[in-house]
Amino acid sequence: ALDAPGTPALDSAVELLQGNIPQDEKFIPGTGMADALRWYGEQLQASTAPLVVAPETAIPLLPRQLPEGYWQALQARYAHGQQAALLGVPLGDMHAGYTNSVVGLKAGQAEPYRYDKHHLVPFGEFIPPFFKWFTEMMNIPLGDFNRGTVGQASFAVAGQRIAPNICYEDLFGEELGARFIDPAQAPTVFVNFSNIGWFGDTLAIDQHLHISRMRALEFERPMVRATNTGATVIIDHRGVVTHQLARYTRGVLKGEVHGRGLDAQSGWSITPYAWWVSRWGLWPLWGLGALALLVAMVAARGRRSLGD
């Protein structure tokens, strides 16, 4: 797959924000919360790249809870010109429910772009039946989110179709693959928004990086990762990390991203895996596994019969 005709590579530049907000302070007013609002606000206002990306819940408050004028200033910043921003923020209210979301800001929109996380984490993002007492005991803010749909629309910017996924959603290739059912609308770039500061400086960061690299390989699409503490990276369509920010530091990763789309000669725009998984998901694999188990059981029974 070559770069899609007529879809330049985001002017070859993105900025990925890594705030390194301590997890035990992230939702505390006056400390981590104020620090996040100040730092991410400054970076979003100062960015010069065609696309700037802030991680999952970079803005840790609902828009209506933000200081007066804060949200309006961000919207006004990207209401004109060629730049765009994608940032993690919770959305909703008590009546409609809440979502772990990504908002996209750019010129010419009647309403901001919105992506709502689909694959929620039990106890951290939704409460299983009879367990509300647990989240109350753990004092988890916004611990009961509504679920977004599979195959949500991409964010169109700079000739690219940007497909967000939040936290460990990139583990589920069959859900990302739902966006490839129509090759003409298939994503050209994936963007992962994460905050895995919950796990500290552990192998979880490397594990998540490897998951993202695998998705890039499967779909032959670059994967951009903006995270709170790491790994904030740019991965090309071959699964190779081309740019990386030091973990557990505060900074801005600047790099190049080349969206992938149609082959100018053949017109083929998606990998065989993307074509397959967008139509049938993982059911053929489950069926193959069940068939293998059945064959093994029959063979074992045959060996017992011969032994008798």
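This is a predicted model: local features need pLDDT of at least 70, side-chain atom pairs count only at pLDDT 80 or more; totals for chains, interfaces and linings use all residues.
Select residues 70–77 to display α2. Then pick out its buried residues: Tyr70, Trp71, Leu74 and Arg77. Why do they sit on the same side of α2? They cover an arc of only 125° around the axis, and that places them on one side. An α-helix has 3.6 residues a turn, so residues three or four places apart point the same way.

**Next stop: the sheet.** Select β6, β7, β8, β9, β10 and β11. These 6 strands form an open sheet, in that order, with mixed pairing. Which strands stand at the edges? They are β6 (155–157) and β11 (241–244). Each has a single partner strand, so one side of each has no neighbour in the sheet. Look at how the strands are turned. Neighbouring strands of this sheet are at 20° to each other on average, direction ignored.

Zoom in on β9 (residues 223–227) and β10 (residues 233–235). This pair is antiparallel, with 3 bridges. Click Val224, then find its bridge partner in β10: Ile234. In general, strands of a sheet pair through backbone hydrogen bonds, either parallel or antiparallel.

Select residues 203–219, which are helix α5. Which strands does α5 lie across? The answer is β8 (189–194), β9, β10 and β11. Against β9, α5 runs at about 155°.

**Go inside.** The largest nonpolar core has 44 residues. Select Leu16, Leu86 and Phe219, the residues that touch the most other members. Helix α5 gives this core its largest share, 6 residues. A second, separate core has 24 residues, including Leu44, Ala58, Ala85 and Val103.

Return to Leu16 and show its contacts. Beyond its neighbours within four places in sequence, Leu16 is in contact with Val224 and Ile234, among others. Also in its contact list are Val53, Arg225, Ala226, Thr232, Val233, Gly251, Val252 and Leu253.

**Zoom out.** Show the whole protein. The secondary structure comes to 7 helices and 12 strands. How much of the protein is buried? Buried residues make up 48% of the 308 residues. Finish with the surface. The protein exposes about 14800 Å², and carbon and sulfur atoms supply 62% of that area.

Conventions:
Residues are numbered from 1 along each chain as its sequence is written. Side-chain values use heavy atoms; hydrogens and water are left out. Two strands pair if DSSP finds at least two bridges between them. Helices (H or I, at least four residues) and strands (E, at least two) are DSSP runs, numbered from the N terminus. Axes are lines fitted to C-alpha atoms, for helices over the stretch in contact, and angles run from 0 to 180 degrees between N-to-C directions. Contact means heavy atoms within 4.5 Å. Buried means under 20% relative accessible area, exposed over 50%, partly exposed in between (1.4 Å probe, protein chains only). Accessible areas come from the Shrake-Rupley method with a 1.4 Å probe; for residues, only the protein chains shown count as cover. A nonpolar core is a set of buried Ala, Val, Leu, Ile, Met, Phe, Trp, Tyr and Cys residues joined through side-chain atoms within 4.5 Å. The arc is that of the directions from the helix axis to the C-beta atoms.
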